[in-house]
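Please keep the sequence and the structure in view while reading.

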Amino acid sequence: MSMNPLSIIEKYEVILASKSPRRHQLLEGLGVSYAVELREVEEIFPETIDAHMVPEYLSELKASAFSQSEMNNKQLIITADTIVLLKGEVIGKPTNHKEAVDMLNSIIKQYNRWTPESSLRDIIS
């Protein structure tokens, strides 16, 4: 008899720290009950970090915004981040419509790569 991997998550009060509709869809599609709780985090990463490590770094930064003292041992925080790499450089989020159009045009013209990363944080972390 095989164990359902989601049964581990069922032991927790899952908190999704994301506004992303896609991440909400993912949890709903898996049948995971969750609450949304957001923390403001300035998404800045060291310039010296390898571009492929940026999503993990930002995801962990978001998770660290939830202090151990405000969590209990029945909570599991899920954070995530996705970046776009263009010519090996991280492209930030556009700040206006023109930037968004210019960014999409650059992406369409060039080879690019989306790099997602997620972090789970519980009281043991």
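Which backbone oxygen does the side chain of Thr79 reach? It is the backbone oxygen of Ser59, at 2.8 Å. This is a polar contact, a pair of N or O atoms within 3.5 Å in which, within protein, one atom must be able to donate a hydrogen and the other to accept it; residues adjacent in sequence count only if both atoms are side-chain atoms. Thr79 lies in strand S3 and counts as buried, at 1% relative accessibility.

## Basis of the model

The structure is a predicted model, in which local features need pLDDT of at least 70 and side-chain atom pairs count only at pLDDT 80 or more, while totals for chains, interfaces and linings use all residues. Residues are numbered from 1 along each chain as its sequence is written, and side-chain values use heavy atoms, with hydrogens and water left out.

The predictor's confidence in each residue is given by pLDDT, on a scale from 0 to 100. The chain averages a pLDDT of 84, and 86% of the residues score at least 70. Among the elements of the chain, S2 has the highest mean pLDDT (95), whereas strand S5 (residues 112-122) has the lowest (60). Where pLDDT is low, the predicted coordinates should not be read in detail.

## Overall organisation

The chain contains four helices and five strands. Here helices (H or I, at least four residues) and strands (E, at least two) are DSSP runs, numbered from the N terminus. Along the sequence, these elements follow the pattern α-β-α-β-α-β-β-α-β.

Of the 125 residues in the chain, 30% are buried. With a 1.4 Å probe and protein chains only, buried means under 20% relative accessible area, exposed means over 50%, and partly exposed lies in between.

## Strand pairing

Strand S1 (residues 13-16) pairs with two other strands. With strand S3 (residues 75-86), S1 pairs in the parallel sense over four bridges, and Val14 has Leu76 in S3 as its bridge partner. With strand S2 (residues 34-36), S1 also pairs in the parallel sense, over three bridges; there, Ile15 has Ala35 as its bridge partner. Two strands are said to pair if DSSP finds at least two bridges between them.

S1, helix H2 (residues 21-30) and S2 together make a right-handed β-α-β unit. A crossover is right-handed if, with the strands pointing away from the viewer, the path from the first strand over the helix to the second runs clockwise.

Glu56 is found in helix H3 (residues 54-64). Glu56 is partly exposed, with a relative accessible area of 28%. Its C-alpha atom is separated by 8.8 Å from that of Thr82, a residue 26 places away along the chain.

Helix H4 (residues 97-109) has 13 residues and reaches 18 Å from its first C-alpha to its last, close to the 18 Å expected. The expected span is 1.5 Å times one less than the number of residues. The N-terminal end of H4 is capped by Asn96, a side-chain oxygen of which lies 3.1 Å from the backbone nitrogen of Lys98.

## Salt bridges

Side chains of opposite charge can pair when their charged atoms come close. A salt bridge is a side-chain nitrogen of Lys or Arg within 4 Å of a carboxyl oxygen of Asp or Glu, and a search of the whole structure finds six. Lys62 and Glu43 form one of them (3.5 Å, N to O). This pair links distant parts of the chain: Lys62 is in helix H3 and Glu43 in the loop between S2 and H3, 19 residues apart. Lys62 is buried at 16% relative accessible area, whereas Glu43 is partly exposed at 33%. Glu43 also forms a salt bridge with Lys93, with the closest N and O atoms 3.5 Å apart. Lys93, in the loop between strand S4 (89-91) and H4, is 50 residues from Glu43 and is exposed at 61%.

Where does Lys98 find a salt-bridge partner? The partner is Asp102, the closest N and O atoms being 2.7 Å apart. Because Lys98 and Asp102 are four residues apart in helix H4, about one helical turn separates them. Lys98 is exposed, with a relative accessible area of 55%, and Asp102 is partly exposed, with 36%. Elsewhere, salt bridges that share partners join Glu43, Lys62, Asp81 and Lys93 into one network.
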